[in-house]
Amino acid sequence: MNLTPAEGRALGVLIEKEAICPDLYPLTPLRVWMGCNQKDFRKPRMIVHMDDVLEALEGLSTHGLAKTSKGRCYQRWSHTLSFDHRTTILIGALLLRGPSTPGELRYWTSRIHRFPTNESVIQLLQACPCAKLKGKRWIQTLTSEQPIQYEQELIDLKARLSWLEASLIQRCP
């Protein structure tokens, strides 16, 4: 499967929030958008627009990885992964945090499930068709390994660079 970066991030958010915020789950598109743009515990950081989130959720639905349900006011989304709960949590962590060692995965998932050893993490990942070892780190194989475009961050950095260059030219004739 080759999900887009936005689809991968949205799936990771659905997995994480199901475990951490069960009272809010399934999620509205707004909550998925907020989770996709969350700055803490996300690598790489992304800026995802609401239109991209809606498109990502529809894409996940097309792939059979997410489904909708009717809420009181809004459509709500949930993932449809059928792995063991522990494996699903590990895949979610890899989707949200990128390539990770077993120790990092144990730390990041400790609020949801306490894995007794690094070996227990490795055993689950070895049996999972969505994960593979690359070097010393585990990666998820649902999304492409292409670098993610940081459009807005790049635009902001270029604007700051131009401003700094202009300031230096004015100060140093």
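Helices (H or I, at least four residues) and strands (E, at least two) are DSSP runs, numbered from the N terminus. The structure is a predicted model, in which local features need pLDDT of at least 70 and side-chain atom pairs count only at pLDDT 80 or more, while totals for chains, interfaces and linings use all residues. Residues are numbered from 1 along each chain as its sequence is written, and side-chain values use heavy atoms, with hydrogens and water left out.

Thr141 lies in the loop between strand 4 (137-140) and helix 7 (151-171), and with a relative accessibility of 27% Thr141 is partly exposed, a class that falls between buried (under 20% relative accessible area) and exposed (over 50%), with a 1.4 Å probe and protein chains only. Apart from neighbours within four places in sequence, Thr141 is in contact (heavy atoms within 4.5 Å) with Met1, Pro129, Cys130, Ala131 and Lys132, and the side chain of Thr141 reaches the backbone oxygen of Pro129 at 3.5 Å.

Five salt bridges are present in the structure, each being a side-chain nitrogen of Lys or Arg within 4 Å of a carboxyl oxygen of Asp or Glu. One of them joins Glu16 to Arg97, with the closest N and O atoms 3.5 Å apart; this pair links distant parts of the chain, since Glu16 is in helix 1 (residues 5-20) and Arg97 in helix 4 (residues 85-97), 81 residues apart. Glu16 is buried at 8% relative accessibility, and Arg97 is buried at 9%. Glu16 and Arg97 also belong, with Lys17 and Arg42, to a network of salt bridges.

Notes:
A polar contact is a pair of N or O atoms within 3.5 Å; within protein, one must be able to donate a hydrogen and the other to accept it, and residues adjacent in sequence count only if both atoms are side-chain atoms.
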